[in-house]
Amino acid sequence: MSTHSLPDEDAIAAQRRYNTELMRRYVEGLAAASPPGPTAPEAPVKVLRALVFSRPATGGELRLDLYLPEETPGPRPVIMWLPGGGWRMAARGMGPHLGRLFAQRGYAMADVEYRSSRTAIWPAQLHDVKTAVRYLRSVAHEYGLDPERIGVWGSSAGGHLAALLGVTGGAPAWEGDGEHAGHSSAVQAVVDGYGPTDLPHLDADRLPDGWSMT
């Protein structure tokens, strides 16, 4: 029977240095990147800040920022962005450049916040993002949105919620308190950016000191 020993301290330190250098290069590359089409005029984007989409029993009002491409005739397809943060923080503005990267290309973007696990226990977070989808449909006519083309994209904890939005559409048990009733919380597209899917084994690859080699 073969056995596998844990990496020694030198190997762990080398892996950490490698990870640090890799992240440094990644951040420097992002900082140095030029916007696409620098010689072309930027398409105008109207940003509506802090639209209240939910007033849950705990945690205060929930808000979203709506990015509207002004030169795209409606109804516009919508991409709803869900930030990560380990379910402990999910602030608006934590995502990529939603205006330059997407709204200037004709997509309405909704930057959505949801309650942290410190404020409300699961499944409150799923209820919050479902409420955001229903809200977007409820104001679709007012803002020139296409209620039949709403996609969701999130990273990390936001990716987890995006995936759950994709598999629970039309399931009444997950709808929450029913704000914006009469509108569906189903989405037509999902992008899960490295969201966890096997929570019971989330830390299975961690070393005894708490560091992961992946």
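User: Which angles count as roughly parallel, roughly antiparallel, roughly perpendicular or oblique?

Analyst: Under 35 degrees counts as roughly parallel, over 145 as roughly antiparallel, 65 to 115 as roughly perpendicular, and the rest as oblique. Axes are lines fitted to C-alpha atoms, for helices over the stretch in contact, and angles run from 0 to 180 degrees between N-to-C directions. This is a predicted model, where local features need pLDDT of at least 70, side-chain atom pairs count only at pLDDT 80 or more, and totals for chains, interfaces and linings use all residues. Residues are numbered from 1 along each chain as its sequence is written, and side-chain values use heavy atoms, without hydrogens and water.

User: At what angle do α3 and α5 pack?

Analyst: At about 65°, with their axes 10 Å apart. The two helices are therefore roughly perpendicular to each other. On the α3 side, the contact (heavy atoms within 4.5 Å) is made by Gln 125, Leu 126, Val 129, Lys 130 and Val 133. Leu 161, Leu 164 and Leu 165 make it on α5.

User: What is the order of elements from the N terminus on?

Analyst: Helices (H or I, at least four residues) and strands (E, at least two) are DSSP runs, numbered from the N terminus. Here there are 5 helices and 6 strands. They run α-β-β-β-α-β-α-α-β-α-β.

User: How do I read a nonpolar core?

Analyst: Nonpolar side chains tend to be buried together in soluble globular proteins. A core is a set of buried Ala, Val, Leu, Ile, Met, Phe, Trp, Tyr and Cys residues joined through side-chain atoms within 4.5 Å. Buried means under 20% relative accessible area, exposed over 50%, partly exposed in between (1.4 Å probe, protein chains only). The largest core has 32 residues. Leu 66, Met 80, Leu 82, Leu 136, Tyr 143 and Leu 165 have the most contacts inside it. Helix α3 gives the largest share, 6 residues. Met 80 touches Leu 136 and Leu 165, among others. A second, separate core of 6 residues includes Tyr 67, Trp 81, Leu 98 and Met 109.

User: Which backbone features deserve a look?

Analyst: Most residues other than glycine have a negative phi, and most peptide bonds are trans. The bond from Gly 74 to Pro 75 is cis, with omega near -5°. Pro 75 is in the loop between β2 and β3. The bond from Trp 122 to Pro 123 is also cis, with omega near 10°. Pro 123 lies in the loop between β4 and α3.

User: Where is Ala 50, and is it exposed or partly exposed?

Analyst: Ala 50 lies in strand β1. Its phi is positive, about 55°. At 27% relative accessibility, Ala 50 counts as partly exposed.

Conventions:
Lists of a residue's contacts leave out its neighbours within four places in sequence.
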